[in-house]
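Reader: I would like to learn how to read a few features of a protein model. Where do we start?

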Amino acid sequence: MKFTLDWLNQYVDTEGHTADQLADYLTMLGLEVDAVTPLHQELAPLKTARIISAQPHPDADKLTLCEVAVGDDILQIVCGAPNARAGLNTVIALPGTTLPGEVKIKKSKVRGVESCGMLCSERELALSDSHTGIMELPEGTAHGRSFITAMGLEDTMIEVDLTPNRPDCASVIGIAREIAGKLQRPLRLPVEGARVDHASRSFSVDVESPELCPRYAARLVTGVKIGPSPLWLRNRLTSIGLRPINNVVDITNFVMMEYGQPLHAFDFDNLKGGKIIVRSPKAGETKFTTLDGVERELNPEMLLICDGERPVAMAGVMGGMNSEVTDDTTTVLLESACFNPVSIRKTARRLGLASDASYRFERGVDPEGVCNAMNRAVQLLCDLAGGTAEDAGQDMYMGRLPLKSLTLRVSRSNALLGIDLHAATIATLLQSIGFLSKPKDADTLWVRPPTFRVDIDREADLIEEVARLHGYGNIPVTLPQVSLSYPEQDQGRIKRTTIARLLTGIGFSEAINYSFSNGKYLDLLHLAEGDDRRRTVRLLNPLSEEQGVMRTSLLPGLLENVDRNIRFQMTEVKLFELGKVFTSTGATTQPIERNRLAGVLCGNRHGYASPLHFKEEKVDFLDAKGAVEFILGQMRLNLPAGPTSIGFDLPGADDREPFVVPGETLQLRLGETILGSVGRIRPEILRGFDIKLDVYYFDLDFDALCGLVAAPKSFTALPVYPAVKRDIALVVPGSVAAGDLVNAIRTSRDALIEDVAIFDVYQGKTIQNGYKSVAISVTYRSSAKTLTEKNVEKSNKKIVDLLTEQFGASLRDA
């Protein structure tokens with residue numbers, strides 16, 4: 001939307017505010033200003049002039065030799081315009097002036113006579129297309145003055161980028177209304193409250209499609225004389241990029257830009273039967289030639305303006321060649337209507353024909369403003385085209401909509417905007433842009449939006465209007481309050497993510513299986529009838545028979561993964577899964593959901609990327625047990641042995657899992673609580689899964705492990721003094737677990753002991769039956785001094801005596 005500052009001042013007084021300030025106001029009102037451009041700056045060097053005398057050129061019949069007064073100077077100008085005459089006030093370009101189009105004026109000789117400048121036409125000044133003669137200025141125009149000052153051409157063009165929801169601002173009056181509200185100054189309208197009181201007998205209007213044309217008004221103007229528009233009107237149009245055509249067409253374009261209401265002028269003498277019919281195309285009506293001379297394809301969904309016999313215009317888009325205003329037109333039928341926005345948009349897009357009229361109709365025009373714009377144009381036709389308007393007319397308003405009635409809560413407005421406005425202040429702000437507002441109660445206003453504000457539908461829209469008018473810059477800026485406390489995180493989730501990452505780091509791959517399982521797996525694992533894992537949740541609508549129950553164990557899914565890998569000749573398998581298992585608690589209650597961590601190992605210990613310095617070895621029970629110890633270590637749950645510490649126990653026959661090999665399984669316990677198990681799966685169980693290789697597993701209650709208190713992290717400085725190692729080789733009864741020896745040393749509370757490790761367990765020819773040899777390495781270190789041989793021997797003797805006394809051990813001779 002383009003307008004000029006001088007044009008804006010016709011409707012609202014902006015004195016005391018510059019164009020740049022007004023642009024800032026509009027931007028803060030939500031109307032983004034794209035450009036603020038001073039107009040006609042290229043014409044600033046031009047001067048007004050008066051022709052004192054005009055004589056024929058001595059050597060050319062069509063040239064005139066003029067004496068021209070420009071202030072105190074009298075200049076000789078050779079002019080070829082037919083209207084050059086003595087006493088004419090005009091405009092002159094002096095030597096050194098550059099006209100639009102980069103035409104530079106300089107002194108020259110024309111047929112041997114010197115010419116000191118050029119008298120200019122409107123086309124040469126880019127003011128219009130007129131080139132019939134030099135520009136004629138009004139009588140009494142003083143010569144020697146700046147041309148743009150004398151003619152009131154000093155102006156500034158402002159261009160606003162409108163959003164689709166603000167069609168009311170696609171007019172100069174709409175922009176003026178926003179400025180008036182901002183400046184709290186009155187809005188001056190050329191015409192308001194207009195209506196058609198009597199129906200004309202000179203013509204008729206019939207609207208056959210009221211759903212596509214809610215309102216159609218028209219008036220007749222006779223005695224019209226077609227001619228050029230006055231300079232002020234042409235200047236208004238050219239300043240915003242519109243080309244002047246003739247006084248009638250220019251008036252319709254001017255009023256459209258003024259009120260935002262598109263108009264159309266028909267040559268009434270070319271309308272058959274003196275009728276206007278608003279309808280869709282009839283059968284056989286497939287072509288129509290618009291004003292631009294292009295034949296258009298019609299569609300049954302389009303809306304046409306027709307006379308008694310044929311279409312004469314594409315409604316809301318463009319008129320037709322058969323009814324356009326020409327130089328011979330004397331009677332004009334002026335149309336002002338409101339069309340359905342969707343219909344106009346479809347028509348314009350289908351035809352690829354965008355116009356200023358369709359731009360406004362597509363966004364919605366004010367149906368109550370139809371007669372105001374029409375009567376304004378009728379006044380101008382009478383003033384500028386010598387016409388005489390009928391008092392009567394036609395106004396078909398069959399699509400009248402009920403007026404909107406909204407409520408606005410003052411407390412809600414203040415809460416959303418963060419300000420404290422009184423109800424009276426809010427009412428004043430809204431009334432400044434045409435809203436009706438009155439109090440409903442102490443906290444509520446009754447508000448009626450004007451019909452030209454098609455975007456106002458709810459309370460939030462009214463609050464936005466209050467914010468715009470109060471000024472976004474007057475709303476206090478507050479930074480959002482953000483708590484600096486670290487948000488509480490799900491520790492279980494963190495542990496799950498960490499363990500999954502660490503297990504993949506030691507050669508495992510993570511498996512993710514469906515939570516649905518096959519009930520037959522419970523039989524394949526030889527689970528007892530009373531086992532809790534047989535309390536399955538059955539699905540009412542399973543994906544398949546093989547996925548009919550919710551899983552109660554992760555092992556069947558992992559064993560299926562092992563079988564699938566082996567079938568693809570991937571025999572080295574290390575998989576783990578961390579997921580939920582489901583235990584039924586009844587048909588009408590939710591099942592118990594527990595997170596478990598399970599893994600399976602099969603094939604080569606080092607996988608397919610075995611280091612060159614390792615020989616190929618099969619995984620064994622200690623690999624599975626080591627994985628569990630690694631998990632406990634990473635969760636800081638591998639506490640020293642004690643009455644409440646986690647440990648591995650050999651399960652009894654009643655506690656042992658039914659699918660493990662006896663003697664190759666351990667249970668992970670905390671007191672009487674079983675936290676999981678580790679072991680080798682029985683070959684006959686594996687055959688049920690079509691697996692012929694040895695498979696080791698671990699299965700842990702991950703929720704229970706996460707519920708334990710981890711050892712606190714502690715840090716010590718790097719040791720300053722050297723360590724001393726001593727190896728102890730003992731012969732102990734075969735029933736003594738080597739781990740018990742290590743635990744006994746660690747709990748001996750000797751201050752010098754730093755580390756204990758088993759490096760050999762042997763049973764053979766040199767060891768008597770029922771006994772075994774256990775070799776232990778003990779590391780001693782002091783944090784205060786370098787240990788002497790005497791210090792180490794003393795501590796080492798205590799350890800040997802402790803083990804000898806507690807386990808019946810003896811030092812091995814060799």
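Author: We start with a cut-off: a residue counts as buried when its relative accessible area is under 20%, as exposed when it is over 50%, and as partly exposed in between. Keep in mind that this is a predicted model.

Reader: Is E362 buried or exposed?

Author: E362 has a relative accessible area of 12%, so it is buried. Its salt-bridge partner is R363, with the closest N and O atoms 3.7 Å apart. R363 is partly exposed, because its relative accessibility is 28%.

Reader: How should I read a salt bridge in general?

Author: Side chains of opposite charge can pair when their charged atoms come close. The cut-off used here is a side-chain nitrogen of Lys or Arg within 4 Å of a carboxyl oxygen of Asp or Glu.

Reader: How many salt bridges does that rule give?

Author: The count is 47. One of them joins E297 and K287, whose closest N and O atoms are 2.0 Å apart. E297 is in strand β18 and K287 in strand β17, 10 residues apart, and the pair links distant parts of the chain. E297 is partly exposed at 47% relative accessibility, and K287 is partly exposed at 41%.

Reader: Which residue does D699 meet in a salt bridge?

Author: D699 meets R596, at 3.1 Å from N to O. Elsewhere, salt bridges with shared partners connect R166, D168, E178, R453, D455, E465 and R468 in one network.

Reader: Now the helices. What describes a packed pair?

Author: Two packed helices are described by the angle between their axes and the distance between the axes. Take α2 (residues 19–28) and α4 (residues 172–183): their axes come within 10 Å and cross at roughly 95°. An angle of 65 to 115 degrees counts as roughly perpendicular, so α2 is roughly perpendicular to α4. From α2, the residues making the contact are L22, Y25 and L26; from α4 they are I175, E178, I179, K182 and L183.

Reader: At what angle do α11 and α12 pack?

Author: The angle between α11 (residues 423–431) and α12 (residues 459–470) is about 85°, and their axes are 9 Å apart. That makes α11 roughly perpendicular to α12. I426, L429 and L430 of α11 make the contact with L462, E465, V466, L469 and H470 of α12.

Reader: Which residues form a nonpolar patch on the surface?

Author: F568, M570 and Y608 do, with about 350 Å² of accessible area together. M570 sits in the loop between α15 (555–567) and β31 (573–583), and it is partly exposed at 38% relative accessibility.

Reader: And backbone angles: what is the phi of R636?

Author: R636 has a positive phi of about 55°, although it is not a glycine. R636 lies in the loop between α16 (621–634) and β33 (646–649). With a relative accessible area of 31%, R636 is partly exposed.

Reader: Where is R749 found, and is it buried or exposed?

Author: R749 is in the loop between α19 (738–746) and β38 (753–762). R749 counts as exposed, because its relative accessibility is 80%. R749 is not a glycine, yet its phi is positive, at about 65°.

Technical notes. Residues are numbered from 1 along each chain as its sequence is written. This is a predicted model: local features need pLDDT of at least 70, side-chain atom pairs count only at pLDDT 80 or more; totals for chains, interfaces and linings use all residues. Side-chain values use heavy atoms; hydrogens and water are left out. Helices (H or I, at least four residues) and strands (E, at least two) are DSSP runs, numbered from the N terminus. Buried means under 20% relative accessible area, exposed over 50%, partly exposed in between (1.4 Å probe, protein chains only). Patches are made of residues with over 30% relative accessible area and no salt bridge: like charges are joined within 9 Å, nonpolar side chains (Val, Leu, Ile, Met, Phe, Trp, Tyr) within 5 Å. Accessible areas come from the Shrake-Rupley method with a 1.4 Å probe; for residues, only the protein chains shown count as cover. Axes are lines fitted to C-alpha atoms, for helices over the stretch in contact, and angles run from 0 to 180 degrees between N-to-C directions. Angles under 35 degrees count as roughly parallel, over 145 as roughly antiparallel, 65 to 115 as roughly perpendicular and the rest as oblique. Contact means heavy atoms within 4.5 Å.
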